[in-house]
Amino acid sequence: MDYLFQRSLDDLVKGLRSQAAASGESRYVAKALEEIRKEIKATDPHIKAAAVHKLAYLNALHGVDMAWAAFQVVEVMSMPKFSHKKIGYLAASQSFTDSTDVLLLITNLLKKDLSSKNEFEAGMALECLSRIATPDLVRDLTQDVLTMLGSSKLYIRKKATLVLFKVFSKHPESIRVAFKRLVEKLDDRDSQVVAACVSVLHELARQDPQPYLLLAPELYRLLVESTNNWLLIKLVKLFALLMPLEPRLAKKIAEPLCEQMRRTSAKSLVLECIRTITVGLLDNTEVVELAAGKLQEILAASHGGDGEDDDPNLKYLGLQAVLDLLPVYPQLVTQSKSVIISCLNDVDPSVQMASLRLIVSMVSDSNLADTVQILMRYALSAEKIFCNELLSSILSTCSRSFYELVTDFSWYVGVLGELVRVPNFEQGKEVERQLVDIGLRVESVRKDLSRLARDFLIDSSTWENSHIHRVLAAAAWIAGEYVELAGDLFEIVEALLQPRMKKLPPSVQAVFLQAVLKILVHFASAAATAVDAEVVDKMVTLIRENAGSLQSHVDTEVQERASNLFGLISFIEDEAGSGEMLAGIREAFAKDLGPVSQFSQQRVVVPDGLEL
Amino acid sequence: MAIRFVLLVNKQGQTRLAQYYEQLTIDERRALEGEIVRKCLARTENQCSFVEHRNYKVVYRRYASLFFLIGVDSEENELAILEFIHCVVETMDRYFGNVCELDIMYHLEKAHFILEEMVMNGCIVETNKSNILGPIQLMDKSF
């Protein structure tokens, strides 16, 4: 009588759907769970089965834990009626893990069902075994599975073949016994079983391809004869795994691979063949040419011309494949250049990134300028994330191996200047590093750098973007360090001390102050005429006015540098003896700083008597 | 395992079917579903159907109000999986007769059975609709 009032799964679903809010739903689920707990203890098979059914549903879709019901699930699995059994098996497949303790109970149950005359029961047991197999279960049931390989029913043979994979992975010793039986299935009269066998072989070969090499002749025959695309794809993948082990194999399958590529209309198969070619056949020019030709067709097909009929999937996969073939067939990129470049502003970020990666890998010193120009153009119109990807790839490509690719540094300094002005610019730290680095290494370009620095400092409209601040620090440093090359020093000091600088981060302000110091030293010690002396006075007044407050700044570094600056000023004003001192300081600053090699520390001789 | 999981999700991100071919705890599953579903649902029509997530790929396609998502290893052939999704949809269509989200909700176990016939051990086993539906229809008739 009880089960007339039991909610069936249908009712449960209806009830869940009628709950509008998520809180209502979780309350409903909790209530249903309570009911299930009561119902599941019932002896009536209907009630128990329905309860497990509902529980499995909740477990799958609402994350309700059902490990506590494992024993009841086993009970349902052992019920005579097929529809109940099926529910039990489904619940078991979903929720049993290696640590479920009731697994010990089901060995005999599975044995019975595996040998059942009803093929669906047996198939169901096989399916469940494939999901929940543990080493113990597998060891006990291997023999049963092997017997089923010889069953007259296709349905059973197919599933048994597939379960063998699980058997082998959980119980590796069984491979010795069962391998021969598995291989026999390659010759099975039914293509479905053959396909199942190839699947299993492929999965096994992924872990260790060596033992499957001797099956190559069989697989070759299948590659040539089969017309089933799914099977062909698996075979091609399998050969990709086997090829590295046996060079002669590559030559043999080159011809069938080409045949398949020419014949088929399935792009998935073509792409799979191309992937296999990149693994083992890159030295076979004929094959590579055919692959490149097919790939070009794909890329062309993926572009509908006006962007309307574009196939984004083909675009993405095509670009990846071109990257793979690049080492042997760089012509492919030049042939499809316009397509690849237009992908830079595609709507799909994955396609954009694939295209960028491709372009970056094609860079050489002859096409660097063009490439950078193209990337810059797209960066101006790209949205934030991709824009910065473009900029950072420009920066990293050009600075690769100590700027190996850059031949004209003053051009590159110009590029850096443009880069900074791109809206959405965020690469402050890297640009700072590169500006200083180039200044240290490339003497001839220091004048350009000084000019660039001056532009940055004077044009304060760019200061809004907080990422620029590190660049400003670099600019100030350059201005101070290469002070002989700077133009109008007064202008620069004015720029360095403008009121806006007080809004910059303290670390940047500190660099600014140091630069002012260097400039002042340089200027004051070189002041020969009375006109110059006037300018020095004006500078000093300017410094007094703008930087005075910085002496009591919160940040210690800023405070210290400001005090140094004012110390110097009072020194300059006290005429006597200042000339020599200034000359001394100026000389100290005049020494060129250069990059330090990594090994310099090792070259320093350890003085006698010093224990490190 | 080539295929790691199969998910059916509606436009609001609610899971309608979840089949996993590897062992994951309930919390891991929910976390995974949350992340991936958000990524896929945010994409537009013009973007490709492949999303890279951690160390595997997700191939997805939208049919009316349902998203079919299949998580695969990185070496898997994406176009073949896309074809497979289409196969699953056509099979379910034939079985339920113009399948819709409600069919899946009320007959979840039938959907599971269909999927079980098509994928085993994470490998695609059967793509021929008659071969898949034959056993299931026989089962329905006798029991």
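Q: Which residue of S2(B) is the bridge partner of Val6(B)?
A: In S2(B), Val6(B) has Gln19(B) as its bridge partner. The model is a predicted one, in which local features need pLDDT of at least 70, side-chain atom pairs count only at pLDDT 80 or more, and totals for chains, interfaces and linings use all residues. Residues are numbered from 1 along each chain as its sequence is written, chains are lettered from A and ligands numbered from 1 in the order in which they are written, and side-chain values use heavy atoms, without hydrogens and water.

Q: What makes strand S1 and S2(B) a pair?
A: Two strands pair if DSSP finds at least two bridges between them. Strand S1 (residues 3-10) of chain B is joined to S2(B) by five bridges, and the two run antiparallel. The hairpin of S1(B) and S2(B) has four residues between the strands, and Gly13(B) takes a positive phi near 90 degrees there.

Q: Why is S2(B) described as mostly covered?
A: A residue is buried under 20% relative accessible area, exposed over 50%, and partly exposed in between (1.4 Å probe, protein chains only). In S2(B), six of its six residues are buried.

Q: What is the strand order of the open sheet in chain B?
A: Its five strands have the order S2-S1-S5-S4-S3, with antiparallel pairing. The edge strands are S2 (15-20) and S3 (50-53) of chain B, as each pairs on one side only. Neighbouring strands of this sheet are turned by 20 degrees against each other on average, direction ignored; axes are lines fitted to C-alpha atoms, for helices over the stretch in contact, and angles run from 0 to 180 degrees between N-to-C directions.

Q: How many bridges join strand S4 to strand S5 of chain B?
A: Eight bridges join S4 (residues 56-63) to S5 (residues 66-73), and these strands run antiparallel. Within this pair, Arg61(B) has Phe68(B) in S5(B) as its bridge partner.

Q: How many helices and strands are there in chain B?
A: Chain B has five helices and seven strands. Helices (H or I, at least four residues) and strands (E, at least two) are DSSP runs, numbered from the N terminus.

Q: Why does the radius of gyration of chain B agree with that of a compact globule?
A: The radius is taken over C-alpha atoms, and the globule rule is 2.2 Å times the number of residues to the power 0.38. For 143 residues a compact globule would have a radius near 15 Å; chain B has 15 Å, and therefore agrees.

Q: How many residues of chain B are in contact with chain A?
A: Contact means heavy atoms within 4.5 Å. By that criterion, 52 residues of chain B are in contact with 58 residues of chain A. Buried area is the accessible area (1.4 Å probe) that two parts lose on being put together, summed over both. Between chain B and chain A this area is about 4900 Å², of which carbon and sulfur atoms give 56%.

Q: Why is Ile519(A) called buried?
A: Ile519(A) has 0% relative accessibility and therefore counts as buried. Ile519(A) lies in helix H29 (residues 506-526) of chain A. Leaving aside neighbours within four places in sequence, its contacts include Ile492(A) and Met539(A).

Q: Why is Leu16(A) also given a burial label?
A: Leu16(A) counts as buried because its relative accessibility is 6%. Leu16(A) is placed in helix H1 (residues 9-18) of chain A.
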